[in-house]
Amino acid sequence: MQFGHFDDEAKEYVVTRPDTPRPWSNYLGSTEYGAIITNNAGGYSFYRSAANGRFLRLRSNAVPLDQPGRYFYLRDRQSGEFWSASWQPVGKPLDRYKSVCRHGTAYTVITSQYDSIEMEATYFVPLGQTFECWRLRVTNRSQKARTISVYTYCEFASVGSLYNDLVNLQYSMFVNKADMIDGMLAIASHPYEPMDPANPASPGRYWMKLIGAPVAAFETLRDHFLGNYGTYANPEALASGKLTNFQTAGENVVGVQQADLDLKPGETRELLILLGLGTPDSHGKAVVGQFGNPQRCQIELDKLKQSWHSLLESVRVKTPDAEFDSMVNVWNAYNALITYAWSRSASLIYNGERDGLGFRDTVQDFLGVTASLKEKMRDRLELMLTGQVESGGAMPLLKPFSHKPGHEPAPAKEHFRSDDALWFFNAVPAYVAETGESDFYNKVLPYADHGQATVLGHLRRALEFNLERVGRNGLPCGLAADWNDCCNLGYTGESVMVAFQVRFGLGVYADIAAHLKLPQEEKWAVDQREKLDKAIQGICWDGQWFIWATGKDGTIYGTKNLEEGKVYINTQAWAVISGAATPAQAALAMKSMKEYLFTPYGLMLSAPPFEKTPKSIMGGVVYNKGIKENAGIFNHPQSWAVMAECILGHGDQAYEYYRAFMPAAYNTRAEIRQIEPYAHAQTTYATCSPNAGKARVPWLTGTVAWSYFAAVQYILGIRPEIDGLRIDPCIPKAWPGFEMRRDFRGRKITIKIANPSGKCKGIRNLKVNGKIIPGNLLPISELTDGAVIEARIEGD
Ligand code: GLC
């Protein structure tokens, strides 16, 4: 079933049926003022933190998942009938209610029609501002005059702390207050505490203003509007349409304001709702003075679009696969920017329980935004480097607003994870390759706890951390966990995934050292790698694939002799990515991966599922079979499989794996994944589950950055390197070629790849503005603005 389509020209996804299998979300605002909105106007808002700065409420895991939200109810004063400007919450029958939602870059427009009344509700947060704008246009499409009342609805969190707001009601019900002050609703938590002007949300102060019609009446107490046994679909106050102008002190506060519109046939009226941080006096009145008119609202919306669109212009592709293009050009790139902003802290699923930047997640998230953010990434990258402690490991969680490098306590020994700082070997070189700032390696940055080092020094400590903590076979210890949260191997158990990551890191380090002309450093890394290779070859190869761990007692995990968890995707893919596998091992490992793990929805993380493996080794045993870390299709590692196949030159296989988890590939069968066909998901139920195919935890996942990276840098193979742009595609044989426009180091270039003889990989030379350059590296010296680079895939 299809519920919508991609409009790449407008950079929008158009939901044409509102009864999507789950609410389909979008994001508004920035890391200062964050907001989520769904195709039915559900969602919430928060200042900096969804967990502690919450002001618009969402009731987690309710039915549907996205209520309440930012609603407009409309009521015909003659007939008494009412509906909403989004299909939900009233939910009129779909044969009479038409609704199209356009999710764009940080804005959403919902256009609906009911009973000859047309509504267009637009939601966004103006660029750099700490207020949101809801614009409603109402048009009378009937032949007669109509009297329509509009009622806004949102529910204010009683306090910023999500926990207190939703759970600790003996406190939170009594600390909030709502008043109508000079025609503006003023909402306060802890009303008698003075406000800190520098931090308008603490203690909570919010204002809400209706513009475009007089406020006919208002309501601030939820009980009065919904009624004690009313619902969002059927608020009791809409039976009579009468509001009480009650200014509540305590209880559940809502923002209901009524505007009465008299509409001639064909007439359109426009209302604006502005809602933001601070009090009417401190912020509200000034904001309304400046932004509270339709012209300004349109200017701000255009400005917002332009700003987001310019970020997405850095990489533009045209391939024979339109769905692939929608992902690369718009949705995966946008999803990556959203994930970069919010880490794992705010969605309908991450409803505010997680806060701060998960270390390993955030460091990997850089890979999705290097091309769009470029130098803008640097502050965050430096911040994460200062989350590394002097021993080389890292703090598992970094709180960006309170982080104090040099003064943070180092994690307890048993809390270190074995992979955290190793992701720098992906992120840091990607940053340097994109920007050309090789001087970055010499920048001195503090460690989280004490001491400081250059960025290169930080990288070396990261390697030493693992090299100093090895188990009985000379492989790195698994510690609290490796990439797999559930892989709990402890201090003497060994993680093969980490062994491959360290091998990869040593290679990257050697290359950087060579570039910086530090032969001793280079030699150190190469020697360490040789030593590690011996340990890897000594124990990790199982005959047909690589094992995934050794336990504290020496038990081998991921071997043919065991009944469960025999084959594990990560150690096959990373054996290839790290270069540890011999060509024969690589071929067999990838064959086994397909044989044991592939399903129509992607590759399982491991198989067969866990049932008896001790939780102390594989915590994933707590999950049902076929989801998450228990033989689920974890979407994050799919890209590693894709990259490994590309490295081996198997373009058809890489593409098959890619499409199996690519959201857009499910657009016409969206009922399978259920979630947004434009957003990546953390995990998908595998075929051994009765829920097979359903994808879960959309938007904020490591899948996003890696899938973008794998598509652009491995399938399309356009890979920034410190000395230029590597052009090394590995595409399906059936593709006649593709084109990419790339914004690289300040130059706009076009790359045209032809594949006349139906090969996957193998470029022998490049033609740059007519001149032939041998090999597949476009050197910086040839990089001119407007350059056209042509290349042919000729096979190996
Ligand atoms: C989740 C976590 C991530 C971890 C992964 C696998 O996505 O956010 O840190 O690597 O699960 O366990």
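This is a predicted model: local features need pLDDT of at least 70, side-chain atom pairs count only at pLDDT 80 or more; totals for chains, interfaces and linings use all residues.
**The overall picture**

The protein's secondary structure comes to 20 helices and 44 strands. Its radius of gyration is 28 Å, close to the 28 Å that the globule rule gives for 796 residues, so the protein is as compact as a globular protein of that length. Along the principal axes, the C-alpha trace spans about 80 × 60 × 50 Å. As for burial, 63% of the 796 residues count as buried.

Let us return to S4, which covers residues 33-38. This strand is mostly covered, with 6 of its 6 residues buried. Tyr33, Ala35 and Ile37 point one way from the strand, while Gly34, Ile36 and Thr38 point the other way. Residues on both faces are buried, which here means that each has under 20% relative accessible area.

Strand S3 (residues 25-29) is joined to S4 by 5 bridges, and the two run antiparallel. As background, strands of a sheet pair through backbone hydrogen bonds, either parallel or antiparallel.

Another piece of strand architecture is an open sheet of 4 strands in the order S26-S27-S28-S29, with antiparallel pairing. Strand S26 (477-479) and strand S29 (556-557) stand at the edges, each with a single partner strand, so one side of each is left without a neighbour in the sheet. S26 is joined to strand S27 (residues 490-495) by 2 bridges, and these strands run antiparallel. Within this pairing, Cys477 has Glu494 in S27 as its bridge partner.

**Salt bridges**

A search of the whole structure finds 55 salt bridges. Here are some of them, with the N to O distances:

| Pair | N to O distance |
|---|---|
| Arg17 and Asp19 | 2.8 Å |
| Asp260 and Arg77 | 3.4 Å |
| Glu300 and Arg296 | 3.0 Å |

What about the surroundings of each pair? In the Arg17 and Asp19 salt bridge, Arg17 is partly exposed, with a relative accessible area of 32%. Asp19 is partly exposed as well, at 25%.

The side chains of Asp260 and Arg77 also meet in a salt bridge. Asp260 lies in strand S19 (residues 253-263) and Arg77 in the loop between strand S7 (71-76) and strand S8 (82-84), so the pair ties together parts that are 183 residues apart in sequence. Asp260 counts as partly exposed at 32% relative accessibility, and Arg77 counts as partly exposed at 31%.

Glu300 and Arg296 sit 4 residues apart in helix H6 (residues 294-312), which means that about one helical turn separates them. Is Glu300 buried or exposed? Glu300 is buried, with a relative accessible area of 2%, whereas Arg296 counts as partly exposed at 22%.

Salt bridges can also be followed beyond pairs: Arg460, Arg461, Glu464, Glu468, Arg469 and Glu521 are linked in a network of them.

**Cavities**

Finally, a search of the whole structure finds 5 cavities of 30 Å³ or more. The largest cavity has a volume of about 80 Å³. Which residues line the largest cavity? The lining is made up of Arg22, Pro23, Ser25, Leu65, Ser347, Leu348, Ile349, Ile675, Glu676, Pro698 and Trp699. These residues divide into 7 nonpolar, 2 polar and 2 charged. One of the lining residues is Ser25, and S3, the strand joined to S4, covers residues 25-29.

Notes. Residues are numbered from 1 along each chain as its sequence is written. Side-chain values use heavy atoms; hydrogens and water are left out. Buried means under 20% relative accessible area, exposed over 50%, partly exposed in between (1.4 Å probe, protein chains only). Two strands pair if DSSP finds at least two bridges between them. On a 1 Å grid over the protein atoms alone, a cavity is a set of points where a 1.4 Å probe fits but cannot get out, and a pocket is an open set with protein on both sides within 12 Å along at least five of seven lines; lining residues have an atom within 4 Å of a point. Grid points are joined across faces, edges and corners, and a volume is the space filled by probe spheres set on the points. Ala, Val, Leu, Ile, Met, Phe, Trp, Tyr, Cys and Pro count as nonpolar, Asp, Glu, Lys and Arg as charged, and the others, Gly among them, as polar. A salt bridge is a side-chain nitrogen of Lys or Arg within 4 Å of a carboxyl oxygen of Asp or Glu. The radius of gyration is taken over C-alpha atoms; the globule rule is 2.2 Å times the number of residues to the power 0.38.
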